[in-house]
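Open the model in your viewer and show the whole chain as a cartoon. The stops below go from the overall fold to single residues.

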Amino acid sequence: MDSAGLYVHIPFCLAKCAYCDFFSLPCAAAEGGAFVPDSYIKALLCEARFYRRKYGIDSWRTVYIGGGTPSLMTSGQIATLARGLLEGTKTAPLEFTIEMNPETLSLDKLSAARDCGVTRLSLGIQSLCQKALDAVGRHCTAACAQKVLDMLRPAWGGDLSLDAIAGLPFQNRDEFELSLRKILEYSPEHFSLYSLMIEDGTPLERSISSGKIPFDDDEADGQWLLGRDILEEKGYGQYEVSNFALKGHESIHNGSYWSQLDYVGVGSGATGTVYAFDGRGAGRGLRWTGSRDISRYCSFWNESVDGALESSFGGLDFSSGNSIPADFEVLDLETLEFEYLMMALRTLKGVNSLEYERRFASVEPWRGDIKKRLGSNPLWKDFEGKNMCFSRDCPSGGRDFALNKKGLLFLNSLLRNF
């Protein structure tokens, strides 16, 4: 492959939020003030170089540094990582994003990111209602977030993506609206609006189950719908279930996931997936997730000889006996077909008939016929009768089949029927 997306995981946080089920570990500063070990940065660069060679990747289509809290890196580490990821590539990424949290963001970190090719900043806000932040163990205060946003907007020349969560405990509808409108005063080009998800095993789930913290699904849904209306009022177009953007500022990197494009994941706990479609409706994929043992991860990538690694496996299949610290899974075509529908139907563009046929013509019983595939789902027929989905000619050919804004509210119900 000539290019692929790249996701880089920084699994370190000052404190873990009560609702979070992503892989991250609370950490304290080591001697010298660094939160992220230099050995981890070195391991990331070694792993990224390995996959570039393995798959013949000339350039990263997009780069996304996420976490965890990537802004726990020092400005020097940000520069080392960003420059190292791009070293030797033929062309610059179409988009280079780094996530930061307000309480660990500084002007020197912004400058380092900008000077090293980062074009997009994703800043976690969630809410400016302090009692809601306290309820979910959010380390950053509302006052800190506003102070940083005041500093950030005139200092950052790239795209800015902010976010909010509807339905946080102890945040009523009026407080949610006030918070959202305040956040939007900073004129981000992109906005992610989430409804609070209660993930099994998280501290928040335990607090809600025990009755310690109240939670109302209907209130959360109502806040999200209000938020969507406010975003559209401000000129942000919804292009995916939870994502809104000013025209031309949609996330290119996330589009790789929704369109089933190759992406490499590097870092402890990071996932990557590469695909092999033959153009005649057959194919498979390979997915890996890096070990969550950070010590093991760093030791392997910092101490292994790349040449020896090259000979440990070949082609798309990884040997089950190789020593790379990751779990590997070969995905059959039926799995890829379901995942393609699941992800593409999250977007307002939906599923293109020609692309679906090219990828999945050998999957029975639909043989690449997306109209027949969707029609086999009783809910899709119900959605058609209720004006919750549509099809339209695509300028590049074929027809796009998609849920409209009303239908997206019931996406999970539709997917459970496939």
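With 418 residues, a compact globule would have a radius of gyration near 22 Å, and the protein chain agrees with this at 22 Å. That radius is taken over C-alpha atoms, and the globule rule is 2.2 Å times the number of residues to the power 0.38. The model is predicted: local features need pLDDT of at least 70 and side-chain atom pairs count only at pLDDT 80 or more, while totals for chains, interfaces and linings use all residues. Residues are numbered from 1 along each chain as its sequence is written, and side-chain values use heavy atoms, with hydrogens and water left out.

Keep the whole chain selected. Its C-alpha atoms fill a box of roughly 60 × 60 × 45 Å along the principal axes. Colour by secondary structure to find 17 helices and 17 strands (DSSP runs numbered from the N terminus: helices are H or I, at least four residues; strands are E, at least two).

Next, colour by accessibility. Of the 418 residues, 53% count as buried (under 20% relative accessible area; exposed is over 50%, partly exposed in between; 1.4 Å probe, protein chains only).

Now select Glu339, in helix α12 (residues 333–344). Is Glu339 buried or exposed? At 16% relative accessibility, Glu339 counts as buried. Beyond its neighbours within four places in sequence, Glu339 is in contact with Gln260, Arg287 and Leu331 (heavy atoms within 4.5 Å).

Finally, select Leu225, in helix α8 (residues 217–233). Leu225 is partly exposed, with a relative accessible area of 31%.
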